[in-house]
Amino acid sequence: MFHVLIADPISDEGLDVLYNNEDVTVVKETGLKPDELESRIEEFDGLLVRSQTKVTRSVIEKADRLKIIGRAGVGVDNIDLEAATENGIIVVNAPNGNTNSAAEHTMAMMMALSRKIPQAHSALKNQKWERSKYVGFEVKNKTLGIVGLGRIGTEVAYRAKGQRMNVIAYDPFLTEEKADQMGIEYGEFEDVLKKADYITVHTPLLKDTRHMISTDAFKQMKDGVFMINCARGGIIDEDALYDALVSGKVAGAAIDVLEEEPFQDHKLLELPQVVATPHLGASTVEAQESVAVDVCHDVLNHLRGDIVKNPVNLPSVPSDVLSQIEPYFNLAEKLGMFLIRLTDDVPEEVNIYYSGDLSDVKIDPITRNAVKGLLERHLGSHVNDVNALYLAEKKDITIHENRTSTTKGFTNLMTVELKTKSGVRSVSGTLLNGLGPRLVRVDHYSVDVMPEGHIVVIHHKDLPGVIGEMGSLLSERNINIATMQVDRSDVGGNAIMILTIDKHAEQEELEALKELEEIKAVTAVDL
Ligand SMILES: NC(=O)c1ccc[n+]([C@@H]2O[C@H](COP(=O)([O-])OP(=O)(O)OC[C@H]3O[C@@H](n4cnc5c(N)ncnc54)[C@H](O)[C@@H]3O)[C@@H](O)[C@H]2O)c1
Ligand SMILES: O=C(O)CC[C@@H](O)C(=O)O
């Protein structure tokens with residue numbers, strides 16, 4: 001049974017996805033204080049939040065059984081992603097569900113600002129009929145500058161064109177061709193600042209975007225420009241905006257978000273030319289239902305061990321690509337688990353070679369599974385595909401992925417090579433059509449072993465009688481050999497024997513094998 005905590009108000013239509021599942025119990029406790037969340041979190045496998053709840057490192061470090069944090073919305077700046085990744089907790093969001101609502105809110109804010117609707121409305125409610133005081137501006141033929149042309153910025157651009165505005169946009173991923181296709185002007189950041197009558201920001205809050213609208217940026221703008229922020233508090237420097245409003249450089253500002261939320265008592269709110277809403281961009285019935293359904297499906301998928309659609313701290317893989325590569329995840333993990341048993345030295349470098357059908361697919365999710373398999377022996381079961389690469393880096397293990405044309409006759413071949421101070425060990429595997437994964441090479445020996453169950457790897461001298469002696473020793477201990485593979489470097493030289501047996505091989509049983517003179521090394525691997 002999985003326990004999921006709903007810590008912010010989330011639409012019931014989405015929660016039904018969880019309520020209707022008998023493997024899940026849902027606890028709704030919105031408005032928990034940080035210390036209350038910290039003390040409750042250890043009970044839960046899943047946590048669902050919007051933007052209010054801060055999922056800090058100290059919350060995450062107490063979340064012993066937490067597997068997934070779902071953000072019903074886009075921005076994940078209220079979640080410590082690094083801490084989640086370190087602790088192997090996947091974070092998912094719902095990036096598409098509130099795009100329309102946020103774009104519509106931006107347009108509403110721009111119109112409210114232009115026509116002074118909130119100010120006129122509140123005057124009228126106070127019995128003041130002041131028509132001449134609230135003369136506004138048309139937006140038609142004005143230039144809207146958009147900073148950040150992602151999902152919401154793009155929707156705003158199309159709506160602004162519908163209002164017959166000229167649109168100029170800056171986004172590090174925007175090309176002139178794309179801008180032409182959209183019928184908007186492509187600009188650098190400074191062009192947007194200089195040319196726009198209205199500027200709206202639609203970036204995430206990042207190191208690069210924090211205070212990107214600064215005192216210096218305001219200096220470059222037209223006099224009487226209007227500013228809109230329905231993205232994140234902190235993109236606009238609030239002190240600089242305040243000064244620009246007071247000086248008249250900025251004619252008005254529409255603000256849905258501020259650096260510190262909830263905001264009630266902020267100097268910007270004292271200015272009559274500021275229109276504000278309390279972070280309502282995504283607050284529509286449609287958006288809340290849509291983000292809740294999306295994120296609840298992902299939470300359920302992850303808890304059931306299925307693939308999620310909108311991971312934030314894992315590379316997102318389109319479903320057609322995923323169906324191509326998912327069958328290799330198990331092979332990759334088993335190769336890693338097998339390889340790490342072949343040495344007791346500290347892993348320094350891992351090289352993974354992909355060839356055949358694997359040479360032109362998205363390989364990083366496969367790599368994560370191989371590294372997860374490798375690290376599990378020493379780091380335990382908290383290693384997963386979310387934190388495997390992070391943990392490898394922390395342990396100073398460098399990981400290299402290589403695509404090669406060497407298939408050695410297989411349609412797909414994956415080789416994992418591990419460098420330690422005493423040398424390089426390697427293992428190769430393939431996925432046989434209809435038959436599943438196989439280990440096909442251990443170091444330079446060719447083998448054919450199903451990577452599952454209890455395996456014993458024996459390095460020995462290629463001499464007559466060794467196989468018989470080993471068989472007798474095992475039978476004396478009532479160990480049944482299910483399969484046996486042998487290969488050798490040359491006649492009378494070094495050889496390898498890989499046995500699969502019906503039970504886990506105990507240490508004293510391995511020691512008994514090691515006593516045979518021809519045996520050089522014995523390793524048990526449970527896969
Ligand atoms: N007010 C609300 O309730 C509400 C609702 C939804 C989203 N949001 C916020 O709106 C913002 C945009 O959301 P989205 O879904 O469009 O995200 P998105 O990821 O689709 O788009 C963000 C865009 O910003 C661009 N960008 C990044 N750094 C930039 C920079 N230095 N200069 C210019 N552009 C830059 C990116 O390239 C990307 O195209 C986010 O901050 C999100 O959290 C707010
Ligand atoms: O949860 C909300 O209402 C805010 C959502 C919004 O800020 C987002 O980034 O998706």
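Trainee: Which domains does the domain assignment of the protein chain give?

Mentor: The assignment gives domain 1 (2-94 + 286-303), domain 2 (99-276) and domain 3 (319-526), with bounds that come from an automatic or database domain assignment. Keep in mind that this is a predicted model, where local features need pLDDT of at least 70, side-chain atom pairs count only at pLDDT 80 or more, and totals for chains, interfaces and linings use all residues. Residues are numbered from 1 along each chain as its sequence is written, while chains are lettered from A and ligands numbered from 1 in the order in which they are written.

Trainee: How far apart do the C-alpha centres of domain 1 and domain 2 lie, and how many residues does the contact take from each?

Mentor: Those centres lie 32 Å apart. The contact takes four residues from domain 1 and four residues from domain 2; here, two residues are in contact if their C-beta atoms, placed from the backbone, lie within 7 Å.

Trainee: Why are α1 and α12 called roughly parallel?

Mentor: Good one! Two packed helices are described by the angle between their axes and the distance between the axes. The axes of α1 (residues 12-19) and α12 (residues 285-303) come within 7 Å and cross at roughly 20°. Angles under 35 degrees count as roughly parallel, over 145 as roughly antiparallel, 65 to 115 as roughly perpendicular and the rest as oblique. The two helices are therefore roughly parallel to each other.

Trainee: Which residues make that contact?

Mentor: Among them are Leu 15 and Leu 18 of α1, and Ala 292, Val 293 and Leu 300 of α12. The residues of this contact divide into nine nonpolar, two polar and two charged. Ala, Val, Leu, Ile, Met, Phe, Trp, Tyr, Cys and Pro count as nonpolar, Asp, Glu, Lys and Arg as charged, and the others, Gly among them, as polar.

Note on methods: Axes fitted to C-alpha atoms, helices over the stretch in contact; angles between N-to-C directions. Helix = DSSP H or I, 4+ residues; strand = E, 2+ residues; numbered from the N terminus.
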